[in-house]
Amino acid sequence: DGLVKGSVDYTDPKNPRLTLNASHTKDLNFDVRKNDKLIYFKINKLPLTLLMPILRLTETSSLSQALDNWIIYDSSTLDTQARKLLESENKQSSSYTNKFITETIEKLTDEPFLKEIKIESVTEEGEPAYELSLNPSGETLDYVVDKLQDQKNKKSAYYQVAKPSDYIKDLRINLWLDQKDYLVRKLSVVFKLYTPVSATAQTPALTNLPFLPFVKQEIPISLVLKLSDFGKDFKVETPTAALTPEEYLKIILSQSVSNPQ
């Protein structure tokens with residue numbers, strides 16, 4: 001159960017700007033901000049009762065004291081000859097993300113995949129949009145994964161244990177595109193993930209290991225991505241003071257019972 005929200009400026013792929021807040025359940029919350037080469041990180045909430053025995057803290061006051069501070073990390077690269085050589089060899093200015101998306105689309109633009117996509121006109125948050133729906137069959141799912149991975153030999157050890165359709169079931173993908181600019185407004189992915197029985201049958205020696213989930217179990221998974229405010233500028237407010245990772249850790253360990261006085 002997690003949530004990440006905020007703003008990202010990817011105009012310069014080598015130096016993106018961002019301000020994000022992330023939560024995992026109700027026990028973990030943190031902020032990440034980046035306006036130049038400096039990355040700021042702040043933990044707003046942690047499951048203190050679980051961390052106290054791990055960090056050997058006698059009370060939560062020392063940990064709370066550390067949580068009040070921002071951590072600063074300098075992501076600037078070193079101006080080395082190796083770095084200059086890499087930049088001279090790779091003069092592509094296009095985004096690696098765009099390149100990946102383009103290559104992926106090219107691999108999927110064929111009939112076995114396209115014939116299972118349904119398109120209809122809808123209204124998404126008050127705006128006209130196209131909704132693309134995909135509920136692929138097991139055969140289509142195996143075909144897509146096979147093509148994306150450039151898998152040439154289905155007789156490999158990977159396919160002998162299980163095919164993608166053996167552990168991914170009830171996959172549903174919905175994509176909403178703005179009718180005016182064809183920008184992605186929303187993406188949702190829902191599926192069930194589980195360990196197939198065939199994996200247990202072919203690896204009986206591993207079934208007794210408690211950390212491997214070879215017992216058949218279904219895990220429902222849902223992912224949703226929502227995008228808005230395209231092209232709008234935003235301000236990244238960076239803290240006036242922050243600690244280095246070493247200084248931050250020193251505050252915590254100074255209160256540990258294992259720390260020699």
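Strands in these legends are DSSP runs of E of at least two residues, numbered from the N terminus. By that numbering, N174 is found in strand 8. The model is predicted.

View 1. Strands of a sheet are paired by backbone hydrogen bonds, in a parallel or an antiparallel way.

**View 2. Strands 6 and 7 form a hairpin.** Two residues lie between the two strands. In the turn, E125 has a positive phi of about 55 degrees. Strand 7 covers residues 127–134 and pairs with strand 6 in the antiparallel sense over eight bridges. Within this pairing, S121 stands opposite Y130 of strand 7.

**View 3. Strand 8 is paired with strand 9.** Strand 8 spans residues 168–178 and strand 9 spans residues 184–194. Their pairing is antiparallel and runs over eight bridges. I168 has L193 of strand 9 opposite it. In this region K186 also lies over the face of W176, at 5.0 Å from the ring centre.

**View 4. N174 is a buried residue of the model.** Is N174 buried or exposed? Its relative accessible area is 17%, which is under the 20% limit, so N174 counts as buried. The side chain of N174 is joined to that of E131 by a polar contact of 2.9 Å. Which residues are in contact with N174, leaving aside its neighbours within four places in sequence? They are E131, L132, S133, K186, L187 and S188.

**View 5. F30 and F41 make a tilted aromatic pair.** How many aromatic pairs does a search of the whole structure find? The search finds two. In the pair of F30 and F41, the ring centres are 5.2 Å apart and the planes stand at 40 degrees, so the pair is classed as tilted. F30 belongs to strand 3 (residues 28–34) and F41 to strand 4 (residues 38–45), so the pair ties together parts 11 residues apart in sequence. F30 is partly exposed, with a relative accessible area of 24%. F41 is also partly exposed, at 27% relative accessibility.

**View 6. Y130 and Y182 make a stacked pair.** The centres of these two rings are 6.3 Å apart and their planes are at 5 degrees, so the pair is stacked. Y130 lies in strand 7, whereas Y182 lies in the loop between strand 8 and strand 9, so the pair ties together parts that are 52 residues apart in sequence. Y130 is partly exposed, with a relative accessible area of 26%. Y182 is exposed, with a value of 55%.

**View 7. The charged end of R17 sits over the ring of F234.** The distance from this charged end to the centre of the F234 ring is 4.7 Å.

**View 8. K14 is an exposed loop residue.** Where is K14 found? It is in the loop between strand 1 (2–9) and strand 2 (17–24). The relative accessible area of K14 is 62%, which is over 50%, so K14 counts as exposed. K37 is 23 residues from K14 along the chain, and the C-alpha atoms of K14 and K37 are separated by 9.8 Å.

How values were computed: Residues numbered from 1 in each chain as written. Predicted model: local features only at pLDDT ≥ 70, side-chain atom pairs only at ≥ 80, totals over all residues. Heavy atoms only, no water. Pairing = 2+ DSSP bridges. Helix = DSSP H or I, 4+ residues; strand = E, 2+ residues; numbered from the N terminus. Buried < 20%, exposed > 50% of the residue type's maximum accessible area, 1.4 Å probe, protein only. Polar contact = N/O pair within 3.5 Å; in protein donor to acceptor, adjacent residues only side chain to side chain. Contact = heavy atoms within 4.5 Å. Phe/Tyr/Trp six-rings, centres within 6.5 Å; stacked < 30°, edge-to-face > 60°. Lys NZ or Arg CZ within 6 Å of the ring centre and 35° of its normal.
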